[in-house]
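Trainee: I have the coordinates open and would like to go through them with you. Could we begin with the strands and then move to the rings?

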Amino acid sequence: QVQLVESGGGLVQAGDSLRLSCAASGRTSSRYAVAWFRRAPGREREFVAVISWRGRGTYYADSVKGRFTISSENAKITTYLQMNNLKPEDTAVYYCAAEADYSTWPPTEEYKYDYWGQGTQVTVSS
């Protein structure tokens with residue numbers, strides 16, 4: 001199995017930046033696609049961004065496109081979500097997730113992911 005641990009969340013002001021990290025351990029594979037999801041209070045978990053197993057393909061939700069960047073290093077041992085120009089509506093618990101076998105691109109549906117972290121809180125104040 002794979003363990004995922006998120007870090008880097010915190011309290012920031014609107015317009016600030018944060019970089020979230022997702023560290024993988026266990027039986028990891030460079031073929032995993034790694035995604036970020038988020039869940040705001042009172043809302044369902046939603047897709048944010050994903051990076052392909054090769055690290056060459058990325059896809060973003062419209063709400064974060066142009067502001068967030070997903071990247072990875074060390075064969076997906078660590079995956080990052082660089083968040084710029086944060087807005088109050090970005091406030092949520094952010095989760096990273098990994099899947100080893102996806103048939104369609106981009107995989108934006110929660111059910112497609114096999115492994116999940118526990119989340120890291122991001123709070124953006126006005």
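Trainee: How many bridges join β7 and β8, and in which sense do the strands pair?
Mentor: In this predicted model, β7 pairs with strand β8 (residues 78–83) over 6 bridges, in the antiparallel sense.

Trainee: What is the bridge partner of Phe68 in β8?
Mentor: Phe68 has Met83 as its bridge partner there.

Trainee: And what is the strand order of the open sheet?
Mentor: The order is β1-β3-β8-β7, an open sheet of 4 strands with antiparallel pairing. Its edge strands are β1 and β7 (68–73), each of which pairs on one side only. On average, neighbouring strands of this sheet are turned by 15° against each other, direction ignored.

Trainee: Which residue of β3 stands opposite Glu6?
Mentor: Cys22 in β3 stands opposite Glu6. The antiparallel pairing of β1 with strand β3 (residues 18–26) runs over 6 bridges.

Trainee: Which side chains of β1 are buried?
Mentor: The side chains of β1 (residues 2–7) alternate.

Trainee: Changing topic: how many aromatic pairs does the structure hold?
Mentor: There are 6 aromatic pairs. One of them is formed by Phe37 and Phe47, edge-to-face, with 5.6 Å centre to centre and 80° between the planes. This pair links distant parts of the chain, 10 residues apart: Phe37 belongs to strand β4 (residues 33–39) and Phe47 to strand β5 (residues 46–51).

Trainee: Are those two buried or exposed?
Mentor: Phe37 and Phe47 are both buried.

Trainee: What is the geometry of the pair of Phe37 and Tyr113?
Mentor: Phe37 and Tyr113 are edge-to-face, 5.3 Å centre to centre, with 80° between the planes. Phe37 lies in strand β4 and Tyr113 in the loop between β9 (92–99) and β10 (115–116), so the pair ties together parts that are 76 residues apart in sequence.

Trainee: Why does Tyr113 count as buried?
Mentor: Tyr113 is buried because its relative accessible area is 6%, and the cut-off is under 20%. For Phe37, also buried, the relative accessible area is 1%.

Trainee: Which residues form the aromatic cluster?
Mentor: One cluster is formed by Phe37, Phe47, Tyr59, Tyr113 and Trp116.

Trainee: Last one: where does the charged end of Arg45 sit?
Mentor: The charged end of Arg45 sits over the ring of Trp116, 4.5 Å from its centre. That charged end also sits over the ring of Tyr95, 4.1 Å from the ring centre.

Terms used: Residues are numbered from 1 along each chain as its sequence is written. This is a predicted model: local features need pLDDT of at least 70, side-chain atom pairs count only at pLDDT 80 or more; totals for chains, interfaces and linings use all residues. Side-chain values use heavy atoms; hydrogens and water are left out. Buried means under 20% relative accessible area, exposed over 50%, partly exposed in between (1.4 Å probe, protein chains only). Helices (H or I, at least four residues) and strands (E, at least two) are DSSP runs, numbered from the N terminus. Two strands pair if DSSP finds at least two bridges between them. Rings of Phe, Tyr and Trp (its six-membered ring) pair if their centres lie within 6.5 Å; planes under 30 degrees apart count as stacked, over 60 as edge-to-face and the rest as tilted. A charge sits over a ring if NZ of Lys or CZ of Arg is within 6 Å of the ring centre and within 35 degrees of the ring normal. Axes are lines fitted to C-alpha atoms, for helices over the stretch in contact, and angles run from 0 to 180 degrees between N-to-C directions.
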